[in-house]
Amino acid sequence: MNKLGGRNEHVPALELWTAPEEYRTLDQGAIAGEWLLSARGDDRGILALRSDDADLVYTSFDASQPVDQPGDLRGRETQVAQLVSGVLFRRNHGIISGPRGSGKTSLVRTFGQYTDRDGVVVLYSACDNGTRFGDLMREYLEQIPVSSFEPDMVGLIRERIGALRSDATPNQIIGLLAQVKYAQVIIIADEFDRVSDPDLRWKIASLLKLLSDARISVRFVLVGDASAFDTIVQSHPSLTRHITRVTTDPLDHDAIIAILRDCAARCELTFTDAALDLIEDVACGSPYHARLFGMHASLCAIKGGQPSIGIDQALAGLRRAFAEWALMNPEAGQAIQGVAEGDFGDNEPYARFARSSVGRASTDDRDDRASLTAEEQGALAPALERLDGVVTFRDATAPQFLIALCRSAEKIMPLAKKVAPRA
Ligand SMILES: Nc1ncnc2c1ncn2[C@@H]1O[C@H](COP(=O)(O)OP(=O)(O)OP(=O)(O)O)[C@@H](O)[C@H]1O
Ligand SMILES: [Mg+2]
């Protein structure tokens with residue numbers, strides 16, 4: 001017997017039920033309320049699981065943390081090879097861009113581990129909005145090991161680093177980085193899209209160009225949403241020659257299936273092929289969604305004491321994942337629930353639009369994207385925004401939750417409701 005299922009059998013489900021804190025304090029309207037009512041039927045058992053059981057599922061699927069072991073990184077062999085060749089060997093700077101949850105941090109950390117093994121000094125930090133250029137650079141400079149500098153220069157370099165002001169210029173930083181003589185240094189700046197200050201972006205672009213031109217053995221790898229890099233490249237068109245750019249496109253079918261199998265194996269569960277295909281289809285190549293949907297499906301399976309995750313558990317898992325997301329996004333959640341459940345007619349155009357919004361960056365041609373009519377946009381309005389004239393989801397993780405609810409609605413809703421819209 002599966003060890004989770006085995007222990008779970010003895011738990012008196014109803015007695016252990018108490019609504020978690022966030023459910024009790026968040027009264028976020030109809031969507032949360034409705035979903036809680038339906039979710040509670042399922043959740044009594046799940047929340048009553050011994051915490052060890054649920055914990056093992058959480059840690060096995062680990063949807064909120066970047067990949068820790070290079071062996072767990074699936075489907076990114078090409079991108080790792082491009083970074084190693086471009087940044088490590090050809091000494092370019094790197095840019096990693098992609099949507100939320102697509103695996104940017106996992107990729108850059110894995111790349112960092114490879115380069116670390118090669119004796120390169122790798123410094124990692126996540127950017128914060130409001131950081132000033134001089135403060136950010138001081139933080140990096142202070143982390144460079146003193147063994148990278150001429151021994152008799154160390155005292156002076158330290159003094160100059162300490163004296164750096166918040167409004168330091170790229171030239172001042174170059175003066176210090178040029179002192180790195182005995183190491184190759186790679187500085188990873190994750191969450192670069194959080195930097196909204198144009199001055200900081202402009203200074204970093206200048207610094208990158210100056211570093212390349214002066215042949216200094218320090219490179220940057222910037223990581224973030226694709227839009228963050230437009231200004232960098234626009235402000236220094238010649239910088240493109242010195243940059244290796246890698247995108248975290250949606251993962252292919254086999255990589256997502258492998259992730260789901262890896263995670264399930266860690267908690268001694270298995271997916272049926274139908275359940276794997278369903279979750280893979282809904283995740284649309286996003287490792288974050290695959291892990292999250294897989295985790296909820298697994299919780300549903302162990303609730304029933306089953307070692308196998310079938311289509312019913314997968315569908316229940318999709319609904320649970322949506323309900324959890326809707327608690328944090330109540331208005332968008334309510335709109336998505338309406339369209340998925342057929343309140344505005346067939347949900348197919350909405351699902352098609354959602355799928356096309358998570359298309360591969362390289363084939364992201366605006367003309368090829370599915371669009372919504374004005375009426376359909378109205379139905380989904382709280383979940384949408386208009387960016388540069390293009391209608392898109394306000395929360396980049398929303399499309400898969402919409403598809404998840406459409407897929408589960410197909411199964412649980414009477415066909416009549418789908419084809420005969422309620423006004
Ligand atoms: N190639 C991969 N193989 C297996 N799991 C992955 C892969 N890439 C990412 N993951 C998993 O997907 C989730 C999201 O990954 P990660 O945090 O790296 O994404 P991100 O793009 O940096 O997200 P954000 O935009 O929120 O910073 C994590 O649970 C991570 O473990
Ligand atoms: Mg990240």
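Mentor: Start with α14 and α15, which are oblique to each other; angles under 35 degrees count as roughly parallel, over 145 as roughly antiparallel, 65 to 115 as roughly perpendicular and the rest as oblique. Their axes come within 9 Å and cross at roughly 140 degrees. Axes here are lines fitted to C-alpha atoms, for helices over the stretch in contact, and angles run from 0 to 180 degrees between N-to-C directions.

Trainee: Before going on, what kind of model is this, and how is it numbered?
Mentor: The model is predicted, and local features need pLDDT of at least 70, side-chain atom pairs count only at pLDDT 80 or more, while totals for chains, interfaces and linings use all residues. Residues are numbered from 1 along each chain as its sequence is written, and chains are lettered from A and ligands numbered from 1 in the order in which they are written.

Trainee: What about α14 and α16, at what angle do they cross?
Mentor: Helix α14 (residues 273-283) and helix α16 (residues 311-328) have axes that cross at roughly 25 degrees and come within 8 Å. They are therefore roughly parallel to each other. In this contact, A274, A275, L278, I279 and V282 of α14 meet I311, Q313, A314 and L318 of α16. By class there are 8 nonpolar, 1 polar and no charged residues.

Trainee: Then α15 and α16, how do they cross?
Mentor: The axes of α15 and α16 cross at roughly 120 degrees and come within 7 Å. That makes α15 oblique to α16. Residues in the contact include F293 and H296 of α15 and A314 and G317 of α16. The contact divides into 9 nonpolar, 3 polar and 1 charged.

Trainee: New topic. What is the strand order in the sheet?
Mentor: The open sheet of 5 strands has the order β2-β3-β4-β1-β5, with parallel pairing; two strands pair if DSSP finds at least two bridges between them. β2 (121-126) and β5 (243-247) stand at the edges with a single partner strand each, so one side of each has no neighbour in the sheet.

Trainee: How many bridges join β1 to β5?
Mentor: Strand β1 (residues 93-97) is joined to β5 by 5 bridges. One of the bridge partners is T247 in β5, paired with S97.

Trainee: Last one: which residues come nearest to ligand 1?
Mentor: G103, K104, T105, S106 and P287 do, out of the 22 residues around ligand 1. A residue counts as near if its C-beta atom, placed from the backbone, lies within 6 Å. The shell divides into 7 nonpolar, 8 polar and 7 charged. Helices α7 (104-117) and α15 (287-303) each supply at least two residues of that shell.

Key: Helix = DSSP H or I, 4+ residues; strand = E, 2+ residues; numbered from the N terminus. Contact = placed C-beta atoms within 7 Å. Nonpolar A, V, L, I, M, F, W, Y, C, P; charged D, E, K, R; others polar.
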